[in-house]
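Reader: I would like to learn how to read a model of this kind, feature by feature. Could you take me through the general idea each time, and then through the case in hand?

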Amino acid sequence: MRLSGVAGHKRLTALISRAIDRDTLPPTLLFAGPSGVGKWLVAQATAQAVNCLEPVRNGREDLPIDACGTCRACDRMARGVHVDVIAIEPDERGSIKIDVVRDVLSRTGFRPFEGKRRAVLVREADTLEPAAQNALLKSLEEPPPGTMFILTTAVPGVLLPTVRSRCMRLRFGRLTAAEVAAVLVRDHGLTDAEARVAAPLADGSVGQALALSDTDLTAMRDSAMLLLQRTSGRSDVQARLQAATDLVGQKSQERDRGQLAVVLRLAASMLRDIEAINAGADARVLANPQLTGDLSALARAFAGDRARSAFGAVDRALTALDRNAGTKVVAEWLAVQL
Ligand SMILES: [Zn+2]
């Protein structure tokens with residue numbers, strides 16, 4: 001992956017490229033941010049830009065230097081077999097053991113074999129066992145000559161404070177829905193139509209978009225539609241609270257915050273469609289064209305400003321979830337507001 005091929009994160013890739021160009025890239029970096037937004041790809045692209053044999057310098061202010069993508073070193077890095085780019089990833093039990101770290105560190109005692117700067121990349125660094133973090137600590141304090149470390153994590157708070165404080169932290173944000181959709185099509189073989197459905201639901205994370213399998217989506221879409229149907233009439237509070245309970249799910253299969261958020265984003269996109277139908281829009285412009293019949297049936301109940309104010313309520317519910325409000329509280333509040 002070249003820095004120029006990274007979706008989103010333009011400010012960060014520019015920062016990294018300029019630092020490589022000026023030879024001021026810190027030897028220990030921590031990439032922190034939501035999972036599935038591309039931290040690992042940027043870590044790989046950084047290692048590649050550093051170790052490319054024929055780096056491209058095209059005078060671009062945003063990316064003064066980038067890997068060529070075609071030289072022998074780039075080819076090896078793309079295939080994951082470059083000896084100086086070492087990836088440490090969680091094992092099948094989801095942790096990184098001290099032996100793995102020790103083994104890698106023993107290799108950093110030598111100068112890079114074929115590259116310019118050895119890069120040790122640690123994926124999901126929060127899964128490093130405490131002993132493994134301590135083993136890494138000395139190398140982070142005094143990186144061996146010619147070696148750099150990049151740790152990536154969605155939960156930097158889990159790392160030992162001593163490890164965190166040794167690394168310069170770059171904060172990764174979420175991607176836009178358009179960026180997620182573009183990556184789904186370019187790198188994961190989804191059709192435009194599939195990407196358009198998944199991207200707005202994925203909260204700026206390609207990983208989340210890919211995790212939304214078709215079955216999940218169907219069940220979640222059904223739940224969102226049911227919520228709107230059951231709150232569309234002037235039903236009493238009791239019925240609305242029941243709708244909230246069904247929305248969150250029964251005890252053993254309760255939806256977590258992320259899943260409830262997807263259902264709410266689906267409900268929001270349906271409310272947008274209802275607004276469009278009420279405004280006389282063509283079914284072809286709807287985000288959920290397959291639901292035109294159900295949505296049209298709801299249009300009268302959500303006439304006037306109601307669809308818009310319901311959309312606002314869903315939006316506030318999503319904000320509350322983002323701030324760690326409980327799923328049940330949010331669902332009940334929303335069911336009464338709609
Ligand atoms: Zn190259």
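Reader: Is Gly233 buried or exposed, and how many other C-beta atoms lie within 10 Å?

Author: A residue is called buried if 20 or more other C-beta atoms lie within 10 Å of its own, exposed if 12 or fewer, and partly exposed in between, with the C-beta atoms placed from the backbone. Gly233 is exposed, because it has 9 other C-beta atoms within 10 Å. Gly233 sits in the loop between helix 10 (214-232) and helix 11, where helices (H or I, at least four residues) and strands (E, at least two) are DSSP runs numbered from the N terminus. Gly233 and Leu338 are 105 residues apart in sequence, yet 9.8 Å apart in space, C-alpha to C-alpha.

Reader: What kind of model is this, and how are its residues numbered?

Author: Residues are numbered from 1 along each chain as its sequence is written. This is a predicted model, in which local features need pLDDT of at least 70 and side-chain atom pairs count only at pLDDT 80 or more, while totals for chains, interfaces and linings use all residues.

Reader: What pLDDT does the protein chain average, and which elements have the lowest and the highest mean?

Author: pLDDT is the predictor's confidence in each residue, from 0 to 100. The protein chain averages 92, and 99% of the residues score at least 70. Among the elements, the lowest mean pLDDT, 86, belongs to helix 8 (residues 192-198), and the highest, 98, to strand 1 (residues 28-32).

Reader: How many helices and strands are there, and into which domains is the protein chain divided?

Author: The protein chain has 15 helices and five strands. Domain bounds come from an automatic or database domain assignment, and here they give domain 1 (3-171) and domain 2 (213-337). The C-alpha centres of domain 1 and domain 2 lie 41 Å apart, and the C-alpha atoms of the protein chain fill a box of roughly 75 × 45 × 30 Å along the principal axes. Of the 338 residues in the protein chain, 41% are buried.

Reader: Where is Arg169 found, and with which residues is Arg169 in contact, leaving aside its neighbours within four places in sequence?

Author: Two residues are in contact if their C-beta atoms, placed from the backbone, lie within 7 Å. Arg169 belongs to strand 5 (residues 168-171), and, leaving aside its neighbours within four places in sequence, Arg169 is in contact with Leu30, Ala32 and Pro156. Arg169 counts as partly exposed, because it has 14 C-beta neighbours inside 10 Å. For the protein chain, residues 24 or more positions apart account for 71% of the contacts with a separation of 6 or more.

Reader: At what angle do the axes of helix 4 and helix 5 cross?

Author: Axes are lines fitted to C-alpha atoms, for helices over the stretch in contact, and angles run from 0 to 180 degrees between N-to-C directions. Angles under 35 degrees count as roughly parallel, over 145 as roughly antiparallel, 65 to 115 as roughly perpendicular and the rest as oblique. The axes of helix 4 (residues 98-107) and helix 5 (residues 130-141) come within 8 Å and cross at roughly 20°, and the two helices are therefore roughly parallel to each other. A crossing is left-handed if the near helix is turned anticlockwise from the far one by less than a right angle, and right-handed if clockwise; helix 4 passes helix 5 in a left-handed crossing. Ile98, Val101, Arg102 and Leu105 in helix 4 meet residues of helix 5 including Ala131 and Leu136.

Reader: At what angle do helix 12 and helix 13 pack?

Author: Helix 12 (residues 257-278) and helix 13 (residues 292-299) pack at about 70°, with their axes 9 Å apart, and they are therefore roughly perpendicular to each other. Their contact involves residues including Met270 and Ile274 of helix 12, and Leu295 and Leu298 of helix 13.

Reader: Where do Glu124 and Asn324 lie, and why is one buried or exposed?

Author: Glu124 lies in the loop between strand 3 (118-122) and helix 5, and counts as buried because it has 21 C-beta neighbours inside 10 Å. Phi of Glu124 is near 50°, a positive value in a residue other than glycine. Asn324 lies in the loop between helix 14 (306-322) and helix 15, and is exposed, with 7 other C-beta atoms within 10 Å. Phi of Asn324 is near 70°, a positive value in a residue other than glycine.
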